Every structure is written in C-alpha cells, then in structure tokens.
Amino acid sequence: MVVAALILRTGDAGDEVLICQRKPDQAMALKWEFPGGKIEPGEVPVQALARELNEELGIDAVIGAPVTRVRHNYRNGGAVDIQFFLVKEFAGALENRIFNDMRWSTLPALPEFDFLAADLGLIKDLATGKLLPTT
C-alpha cells in the first residue's frame with residue numbers, strides 16, 4: 001500500500017501539479033512520479049502521506065480529499081496499490097530532499113514526462129481534465 005500527493009497550485013497557465021523525478025541509482029531510475037511513499041504499520045493513509053511529504057519535501061501538508069486509487073501489476077510480478085490524495089495547502093518551503101529533480105507542471109503537459117507505468121492512466125485522466133477541475 002502506497003500513498004501519493006497531487007500537490008496543486010494555480011500558476012499563470014492554470015493549475016499546476018508538483019512532479020518529482022527519481023534518482024539515477026533508484027529502481028525505475030529517472031522516472032517521474034508524484035511525491036509519497038509506503039504506509040507504515042499502524043498508520044492510516046492520510047498520516048502516512050503527511051509523514052512522507054515532510055520527509056521528502058520538508059512541508060507540513062493539509063491532506064485533502066482522495067482523488068483515485070490505482071492498482072498496477074508490473075511485468076516482473078510485483079504489484080503496487082496507490083491511493084492519491086489532493087493537497088492544496090501546506091506550510092513550509094518545498095525542499096528537494098530525495099529526488100533527482102522536481103518541478104511544477106500544468107496538467108495538460110503531464111504526458112510529456114516519462115512517468116512510472118503505474119501512474120500512466122492517472123496522467124492521461126489529469127491531462128484531459130477527467131479527474132480534477134481546471135481553473
């Protein structure tokens with residue numbers, strides 16, 4: 001079980017979401033993803049995501065509504081179950097603590113990035129406006 005955040009802000013070109021790139025020495029090197037991580041024993045998803053965002057980005061996030069849940073089976077036999085939550089508010093300055101790169105992207109531009117296979121369906125839905133309203 002994994003949790004991930006769709007951290008949104010309003011930019012000049014409309015809604016933007018924070019995306020993060022894995023480091024070259026990680027599994028699935030240099031793939032783009034949304035910040036988050038594994039749910040630890042005894043945690044509920046919202047607690048786990050708040051902890052992960054603090055560890056990875058140095059922020060205290062207000063975890064919003066669940067957006068979607070994705071189950072993905074990898075070709076090597078592994079599987080991942082990801083719950084995505086909306087984050088529109090946080091305290092603290094974003095700090096890149098573990099990623100190769102991180103940046104803000106408009107929703108329609110998301111397909112231009114090389115995302116993890118588990119995120120591809122979500123990327124399509126976000127880019128076409130099926131999941132989140134645009135401003």
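How many aromatic pairs does the structure hold? It holds three. This is a predicted model, in which local features need pLDDT of at least 70, side-chain atom pairs count only at pLDDT 80 or more, and totals for chains, interfaces and linings use all residues. Residues are numbered from 1 along each chain as its sequence is written, and side-chain values use heavy atoms, leaving out hydrogens and water.

**View 1. W32 and F113 form an aromatic pair.** Rings of Phe, Tyr and Trp (its six-membered ring) pair if their centres lie within 6.5 Å; planes under 30 degrees apart are stacked, over 60 edge-to-face, and the rest tilted. Here the centres are 5.2 Å apart and the planes stand at 65 degrees, so the pair is edge-to-face. Helices (H or I, at least four residues) and strands (E, at least two) are DSSP runs, numbered from the N terminus.

**View 2. F34, F84 and F115 form one aromatic cluster.** Take a moment to find these three residues.

**View 3. E43 meets R51 through side chains.** E43 belongs to the loop between strand 4 (36-38) and helix 1 (45-57). Leaving aside residues up to four places away in sequence, E43 touches K38, A48 and R51, where contact means heavy atoms within 4.5 Å. The side chains of E43 and R51 also make a polar contact at 2.6 Å (a pair of N or O atoms within 3.5 Å; within protein, one must be able to donate a hydrogen and the other to accept it, and residues adjacent in sequence count only if both atoms are side-chain atoms).
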